[in-house]
Amino acid sequence: MATCRIKFTLRCPSSDTQRFTCRLSNPSSPVLLNLTPASSSNPKKVSCSSARRRSFGTVRAHMATEEKPVSEDRMLVFVPPHPLIKHWVSVLRNEQTPCPIFRNAMAELGRLLIYEASRDWLPTVTGEIQSPLGVASVEFVDPREPISVVPILRAGLALVEHASSILPATRTYHLGIGRNEETLQPTVYLNKLPDKFPEGSRVFLVDPMLATGGTIVAAMNLLKDHGVDNKQIKVISAVAAPPALQKLSEKFPGLHVYTGIIDPIVNEKGFIIPGLGDAGDRSFGT
């Protein structure tokens with residue numbers, strides 16, 4: 001399979017080398033992101049920070065096409081290059097976007113990302129039906145196996161608002177996870193997950209902002225505790241940053257992440273830069 005590789009040299013608070021894979025909407029052309037220790041000339045600067053200190057590194061990028069298989073045990077990060085995804089991310093970034101339009105943009109972005117993430121993933125049934133002019137072979141999404149959608153409150157609600165408009169059968173389970181603004185550590189205040197997910201369940205875990213990674217890792221651990229394997233989960237986010245992706249890659253091999261864009265910096269307060277601000281506040285006006 002031909003791949004398009006982009007190598008990034010990035011030093012974060014953790015010294016471990018990490019490799020991420022971003023695949024475009026065309027499944028035959030994945031883009032591989034390699035995070036490796038800094039050692040380049042004429043670099044561009046990128047930063048990655050923890051709650052206590054910021055560590056700067058350097059970035060070098062180049063592209064090459066080669067034959068390289070993608071391991072099933074590697075975490076994959078997908079950034080679909082659809083112009084509508086870029087449009088809605090741009091609307092979300094604009095500080096002048098009012099609350100109702102921001103929330104609608106979040107919902108539209110979520111619809112597109114879920115559409116991309118559900119490609120080749122939904123259970124289907126085949127058969128024949130009678131059309132007005134003859135018999136046709138058909139394929140339907142199997143309604144007996146609804147997709148589980150798990151939004152992380154509260155901003156996750158906006159990103160999944162249109163999920164039911166593209167997924168014929170869904171079940172929604174809510175997770176409430178807050179973040180301490182000083183320690184940046186997550187706290188679970190609401191858990192509506194079933195005691196155990198049915199075997200083979202497919203789950204969309206929705207968190208608009210993957211910044212430090214504390215919230216999404218806590219949610220992933222809860223899903224695993226309730227019987228869901230990494231490869232049965234797809235994470236949907238509006239914006240992702242390297243610290244969160246690094247934690248997910250280390251802890252959950254085989255996971256797939258779909259995001260509208262990857263930003264390079266997380267500041268001392270745990271916000272993605274340039275990002276789009278507080279997604280919950282901007283979605284609900286509070």
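Strand 14 and strand 16 (residues 233-240) run parallel and are joined by four bridges; strands here are DSSP runs of E with at least two residues, helices are runs of H or I with at least four, and both are numbered from the N terminus. Two strands count as paired if DSSP finds at least two bridges between them. In this pairing, leucine 205 stands opposite valine 235 of strand 16.

Before I go on, this is a predicted model, in which local features need pLDDT of at least 70 and side-chain atom pairs count only at pLDDT 80 or more, while totals for chains, interfaces and linings use all residues. Residues are numbered from 1 along each chain as its sequence is written, and side-chain values use heavy atoms, with hydrogens and water left out.

Back to strand 14. Val203 and Leu205 on one side are buried, and so are Phe204 and Val206 on the other, which leaves both faces covered. Buried means under 20% relative accessible area, exposed means over 50%, and partly exposed lies in between, with a 1.4 Å probe and protein chains only.

Strand 14 also pairs with strand 10, in the parallel sense, over four bridges. Phenylalanine 204 is the bridge partner of valine 149, and valine 206 is the bridge partner of proline 151.

What about strand 10 itself? Seven of its seven residues are buried, so strand 10 is largely enclosed by the rest of the structure. Ile147, Val149, Pro151 and Leu153 point one way, and Ser148, Val150 and Ile152 point the other. Strand 10 is also parallel to strand 11 (residues 170-172), over three bridges, with isoleucine 147 opposite threonine 170. With strand 12 there are two bridges, again parallel, and there leucine 153 stands opposite glycine 176.

Next, the aromatic pairs. How many does the structure hold? There are three, counting rings of Phe, Tyr and Trp (its six-membered ring) whose centres lie within 6.5 Å; planes under 30 degrees apart are stacked, over 60 edge-to-face, and the rest tilted. Phenylalanine 78 and tyrosine 258 are stacked, at 4.3 Å centre to centre and 5 degrees between the planes. This pair links strand 7 (residues 76-78) to strand 17 (residues 256-262), with the two residues 180 apart in the chain. Both phenylalanine 78 and tyrosine 258 are buried. Tryptophan 121 and phenylalanine 204 have ring centres 5.0 Å apart and planes at 55 degrees, so that pair is tilted. Tryptophan 121 is in the loop between helix 2 (99-117) and strand 8 (124-131), 83 residues from phenylalanine 204. Both of these residues are buried too.

Now the largest pocket, which holds about 590 Å³ of space. Of its 28 lining residues, Ile177, Arg179, Asp207, Thr215 and Asp278 are the closest to the centre. A pocket is an open set of points on a 1 Å grid over the protein atoms alone, where a 1.4 Å probe fits, with protein on both sides within 12 Å along at least five of seven lines; lining residues have an atom within 4 Å of a point. Grid points are joined across faces, edges and corners, and the volume is the space filled by probe spheres set on them. Among the elements that each supply at least two lining residues are strand 10, strand 12 and helix 5 (214-225).

Finally, the whole chain: it comes to seven helices and 19 strands. Buried residues make up 50% of its 286 residues.
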